[in-house]
Amino acid sequence: MKKLLLYSFILTLVFSCSLDNDSDEYNGYFDFVAIQSANFPDYFEFGKTYNITFDYLLPSTCHNYYDLYYVIDQSTRTIAVIAYVENGDNCEPLVDESLEGSFDFRVEEQAGTYTFKFWQGEDDNGEDIYITYEVQVQ
């Protein structure tokens, strides 16, 4: 009986899935958007968790916050906002409409400095530009 239910469930999944790639359901792409600034305490204390807030800009009405890119390399954190961009002709530019995001950061080092690099875009040569914050652990 259990095998029959399992086979029925699998068959239902197989026949209910669509392999149609021409669907407009996912008509877009992912892109990074610039982070303008971030707010940090003057120093960190070992073992505590801090809510770090940051401001970012979405360039158009077709850009929507999707996720946070967050990479750890020893005591350096590289952070960027990932947006889902819908393809379409009805996108309107957004000017100076700052949005706020946040993440929790737990201090796991007893001493030293944490470096946070927030992605701000690219320069004329295609090199990444970051705004950098350094916070000492006391």
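Helices (H or I, at least four residues) and strands (E, at least two) are DSSP runs, numbered from the N terminus. Residues are numbered from 1 along each chain as its sequence is written. The model is predicted, so that local features need pLDDT of at least 70 and side-chain atom pairs count only at pLDDT 80 or more, while totals for chains, interfaces and linings use all residues, and side-chain values use heavy atoms, with hydrogens and water left out.

**Exercise 1. Place Val107 in the chain and describe its surroundings.**

Step 1. Val107 belongs to the loop between strand 6 and strand 7.

Step 2. Val107 counts as buried because its relative accessibility is 1%, where buried means under 20% relative accessible area, exposed over 50%, and partly exposed in between (1.4 Å probe, protein chains only).

Step 3. Contact means heavy atoms within 4.5 Å. Leaving aside neighbours within four places in sequence, the residues in contact with Val107 include Phe44, Glu45, Phe46, Gly47 and Lys48, and also Tyr50, Tyr114 and Val137.

Step 4. The C-alpha atom of Val107 is 6.3 Å from that of Thr49, although 58 residues separate the two along the chain.

**Exercise 2. Find the salt bridge of the structure and say how accessible its two residues are.**

Step 1. A salt bridge is a side-chain nitrogen of Lys or Arg within 4 Å of a carboxyl oxygen of Asp or Glu, and a search of the whole structure finds 1.

Step 2. The partners are Lys48 and Glu45, whose closest N and O atoms are 3.4 Å apart.

Step 3. Lys48 has a relative accessibility of 40% and therefore counts as partly exposed, and Glu45, at 29%, counts as partly exposed too.

**Exercise 3. Work out the order of the open sheet that 3 strands form, and identify its edges.**

Step 1. Two strands pair if DSSP finds at least two bridges between them. The order of the strands in this open sheet is 2-3-6, with antiparallel pairing.

Step 2. Strand 2 (35–39) and strand 6 (98–106) each have a single partner strand, so they stand at the edges and one side of each is left without a neighbour in the sheet. From one strand to the next, the twist averages 25°, where axes are lines fitted to C-alpha atoms, for helices over the stretch in contact, and angles run from 0 to 180 degrees between N-to-C directions.

Step 3. Strand 3 (residues 49–57) runs antiparallel to strand 6 and is joined to it by 9 bridges; in this region Thr49 stands opposite Arg106 of strand 6.

**Exercise 4. Describe how strand 7 is joined to strand 5 and to strand 8.**

Step 1. Strand 5 and strand 7 run parallel and are joined by 4 bridges, and Ile79 stands opposite Phe118 in strand 7.

Step 2. Strand 7 and strand 8 run antiparallel, with 10 bridges between them, and Gly121 stands opposite Ile129 in strand 8.

Step 3. The hairpin of strand 7 and strand 8 has 5 residues between the strands, and in this hairpin Gly126 takes a positive phi near 80°.

**Exercise 5. Classify two of the aromatic pairs in the structure.**

Step 1. Rings of Phe, Tyr and Trp (its six-membered ring) pair if their centres lie within 6.5 Å; planes under 30 degrees apart count as stacked, over 60 as edge-to-face and the rest as tilted. The structure holds 20 aromatic pairs.

Step 2. Phe30 and Tyr84 are an edge-to-face pair, at 5.3 Å centre to centre and with 65° between the planes. Phe30 lies in strand 1 (residues 28–33) and Tyr84 in strand 5 (residues 76–86), 54 residues apart, and the pair links these distant parts of the chain.

Step 3. The rings of Phe105 and Phe116 also form an edge-to-face pair, because their centres are 5.1 Å apart and their planes stand at 80°. Phe105 lies in strand 6 and Phe116 in strand 7 (residues 112–122), so this pair ties together parts that are 11 residues apart in sequence.

Step 4. Phe105 is buried at 3% relative accessibility, and Phe116 is buried with a relative accessible area of 0%, whereas Phe30, at 48%, counts as partly exposed.

**Exercise 6. Judge the predictor's confidence along the protein.**

Step 1. The mean pLDDT, the predictor's confidence in each residue on a scale from 0 to 100, is 85 for the protein, and 81% of the residues score at least 70.

Step 2. Among the elements, strand 8 (residues 128–137) has the highest mean pLDDT (98) and helix 1 (residues 2–16) the lowest (38).
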